[in-house]
Amino acid sequence: KTFTATHLEAIARARHAAASIEAPVRIFPSEVSFAPDTKFRAFVLEASPTFALREACVEVRRAVDPEDAKKDRKTVEEDVTENYKPHLSLLYGNFNEELLKRVQDEVEPRIGASYLAQGFKAEELALVMTQGDDYQCWSEVARFPIEINRTKMLEAIKKQAGIEDPWWRKITRRLFGRDRG
């Protein structure tokens, strides 16, 4: 998600975003695609928009984008469901279709035969500073681990099951040694 902020504010937002994600997210590549004359999606590895990946996107958007933070969660979830196209950009720039097709013919079988075909786990959120349209000027600012957030996972279970607070307090006391929620 792209956003504008001061250096320290961007770091704080990214740290908050990483902490907002329930747990590391498994990403499953679905296909290789290309788009001639589309600079930032010239050649990409598309990813399946799994529930976990969409949920992580919602959390990141609400953590880094003040406009999304103002919206109710359901509105952001609906937008993500309709518009989120998860992918890994493998090549930036403006290229003709013939060249990109040759790259696809070379890369696609290699990805299919590699460990990537079974998916991989995203365990970090990277904050990258971009300046202008030239991707060669991008620089990584910080990385934040995506760790299992047991409290958040238990809160989601509680919400789904409609569990009453006394039971919740008993379980959290047993698990964490103190009240949560």
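A nonpolar core is a set of buried Ala, Val, Leu, Ile, Met, Phe, Trp, Tyr and Cys residues joined through side-chain atoms within 4.5 Å. In this predicted model, the largest such core has 19 residues, and Ala17, Ile21, Val60, Leu125 and Phe144 touch the most other members. The chain contains seven helices and seven strands, and 15 salt bridges are counted in it.

**Confidence of the model**

- The mean pLDDT of the chain is 86, and 86% of the residues score at least 70.
- Where pLDDT is low, predicted coordinates should not be read in detail.

**Overall organisation**

- Of the 181 residues in the chain, 28% are buried.
- Among contacts between residues at least 6 apart in sequence, 59% join residues at least 24 apart.

- In soluble globular proteins, nonpolar side chains tend to be buried together.
- The largest core, with 19 residues, receives two or more residues from each of H1, strand E1 (25-27), H2, strand E6 (124-129) and strand E7 (139-145).
- Isoleucine 21, one of the residues that touch the most other members of this core, is in contact with Ala56, Glu59, Val60, Leu125, Ile146, Glu147 and Asn149, leaving aside neighbours within four places in sequence.
- A second, separate core consists of five residues, among them Val32, Phe43, Leu45 and Ile111.

**Helix H1**

- The 14 residues of H1 should span 20 Å at 1.5 Å a residue, and this agrees with the 20 Å between the end C-alpha atoms of the helix.
- The buried residues of H1 are Ala10, Ile11, Arg13, Ala14, Ala17, Ala18 and Ser20.
- Arginine 13 also forms a salt bridge with glutamate 9, with 2.8 Å between the closest N and O atoms.
- Both partners lie in H1 (residues 7-20), four residues apart, about one turn of the helix.
- An α-helix has 3.6 residues a turn, so residues three or four places apart point the same way.
- The two partners fall into separate accessibility classes: arginine 13 is buried, at 15% relative accessible area, whereas glutamate 9 is partly exposed, at 35%.

- Side chains of opposite charge can pair when their charged atoms come close.
- Arginine 73 and glutamate 59 are joined through their side chains by a salt bridge of 2.7 Å, N to O.
- Arginine 73 belongs to helix H4 and glutamate 59 to helix H2 (residues 51-64), so this pair ties together parts that are 14 residues apart in sequence.
- Glutamate 59 is buried, with a relative accessible area of 12%, while arginine 73 is partly exposed, with 24%.
- The pair is part of a network of salt bridges that links Glu55, Glu59, Arg73 and Glu77.
- Glutamate 59 is also among the residues that isoleucine 21 contacts.

**Aspartate 68**

- Aspartate 68 is located in helix H3 (residues 66-70).
- The relative accessible area of aspartate 68 is 2%, so this residue counts as buried under the 20% cut-off.
- The side chain of aspartate 68 meets that of lysine 71 in a salt bridge of 3.1 Å, N to O.
- Lysine 71, by contrast, is partly exposed, with a relative accessible area of 37%.
- Leaving aside neighbours within four places in sequence, aspartate 68 is in contact with Lys1, Arg61, Arg62 and Val76.

**Serine 33**

- Serine 33 is situated in strand E2 (residues 29-34) and is buried, with a relative accessible area of 18%.
- The side chains of serine 33 and glutamate 46 are joined by a polar contact of 2.6 Å.
- Not counting residues up to four places away in sequence, serine 33 touches Arg41, Ala42, Phe43, Val44 and Glu46.
- Phe43, one of these contacts of serine 33, is also included in the second core.

Note on methods: Residues numbered from 1 in each chain as written. Predicted model: local features only at pLDDT ≥ 70, side-chain atom pairs only at ≥ 80, totals over all residues. Heavy atoms only, no water. pLDDT = per-residue confidence, 0-100. Salt bridge = Lys/Arg side-chain N within 4 Å of Asp/Glu carboxyl O. Buried < 20%, exposed > 50% of the residue type's maximum accessible area, 1.4 Å probe, protein only. Polar contact = N/O pair within 3.5 Å; in protein donor to acceptor, adjacent residues only side chain to side chain. Contact = heavy atoms within 4.5 Å. Expected span 1.5 Å × (residues − 1).
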